[in-house]
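Below is a short briefing on one protein model.

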Amino acid sequence: MLRITSLNLNGIRSAFRKGLQPWMQNHNADILCLQEIKIADADLTEDLRHPPGYTGHFSHAIKKGYSGVGIYLRNAAERVTIGLDCEEFDAEGRIIRADWKDLSVISAYLPSGSSGDERQQAKYRFLDVFGPWMDELMNEHKKTGREFVICGDWNIAHKEIDLKNWKGNLKNSGFLPEERAWLTEVFDRRGFVDVFRTLDERPDQYTWWSNRGQAWAKNVGWRIDYQIATPGIAARARNTAIYKDERFSDHAPLTIDYDVTL
């Protein structure tokens, strides 16, 4: 069984201060995809770079204390690559990919548009690049059989079931009609699978909670963290869990176990 976990850390140093590393030891994921590491390469200590049992790989934003993604691996990958060949967004550290013989796992951090129109327009520009990039992955899947799992913070809640207060957020970034339609295309036209929903169809399953008010205590959340996969490996997903017993971040770890071996 291959255990893949995805977590937006909202700062790698902060998450480690809140007990992430001991949890990792017990949780025993084979692959841990990280988003929003918010750290420069020079500031990564050995404990952060390679926690016991793991080798870390990272893509950093040029802007200090911003964005960035990483991936912790129990088993060495044959190849690790960063970026999607787009200067604007590769400078923000949004994509890292690890390849094994017939599987690739990607940690992705899609832009948030919640800070204003300028960032919302950047988010749309990212989606315009990311969609065709995903098409290339699907074409590779169809030609070679290579499976892909794209983990990460997509900053879009897909359906009404995916956030508590959907009526109040219809005009807010993260639940805009254009964003939701783009994600529908990922599944319906591009052929990827929202793996969590194949295993858990219940409402009130969220991965992010605002720090405002009592959002966490009252479970007023959003499901914006996904594992989106090609159909073959998606069909081999067996278990899923959103871990909420401890808080390492404003996001919760999303784990899926796949009946595959590296």
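Helix 5 (117-144) and strand 11 (221-222) each give at least two residues to the lining of the largest pocket. Helices (H or I, at least four residues) and strands (E, at least two) are DSSP runs, numbered from the N terminus. The model is predicted: local features need pLDDT of at least 70, side-chain atom pairs count only at pLDDT 80 or more, and totals for chains, interfaces and linings use all residues. Residues are numbered from 1 along each chain as its sequence is written, and side-chain values use heavy atoms, leaving out hydrogens and water.

**Pockets**
- A pocket is an open set of points on a 1 Å grid over the protein atoms alone, where a 1.4 Å probe fits, with protein on both sides within 12 Å along at least five of seven lines; lining residues have an atom within 4 Å of a point.
- The largest pocket holds about 890 Å³ of space, a volume being the space filled by probe spheres set on the points.
- Its lining has 35 residues, and Ser112, Ser114, Asn155, Trp208 and Ser210 are the closest to the pocket centre.
- By class, eight residues of this lining are nonpolar, 18 polar and nine charged; Asp, Glu, Lys and Arg count as charged, Ala, Val, Leu, Ile, Met, Phe, Trp, Tyr, Cys and Pro as nonpolar, and the others, Gly among them, as polar.
- The second largest pocket has a volume of about 190 Å³.
- Helix 6 (177-188), strand 9 (193-194) and helix 7 (195-199) are the elements that give two or more residues to the lining of the second largest pocket.
- That lining has three nonpolar, two polar and six charged residues, including Asp162 and Arg223.

**Strand 1**
- Six of the seven residues of strand 1 (residues 2-8) are buried, meaning under 20% relative accessible area with a 1.4 Å probe, protein chains only.
- Strand 1 pairs with strand 14 (residues 254-258) in the antiparallel sense over five bridges, where two strands pair if DSSP finds at least two bridges between them.
- Arg3 has Asp257 of strand 14 as its bridge partner.
- Strand 1 also pairs with strand 2 (residues 31-35), in the parallel sense over five bridges, and Ser6 is bridged to Cys33 there.

**Cysteines**
- The structure has zero disulfides, a disulfide being a pair of cysteine sulfur atoms within 2.5 Å.
- The sulfur of Cys151 lies 3.9 Å from the closest cysteine sulfur, in Cys33, which is too far for a bond.
- Cys33 is buried at 0% relative accessibility, and Cys151 is buried with a relative accessible area of 0%.

**Annotated domain**
- UniProt lists residues 6-251 as "domain: Endonuclease/exonuclease/phosphatase" in an unreviewed entry; such annotations may be inferred rather than shown by experiment.
- Over residues 6-251 the chain is 29% helix and 24% strand, with the end C-alpha atoms 10 Å apart.

Note on methods: Buried < 20%, exposed > 50% of the residue type's maximum accessible area, 1.4 Å probe, protein only.
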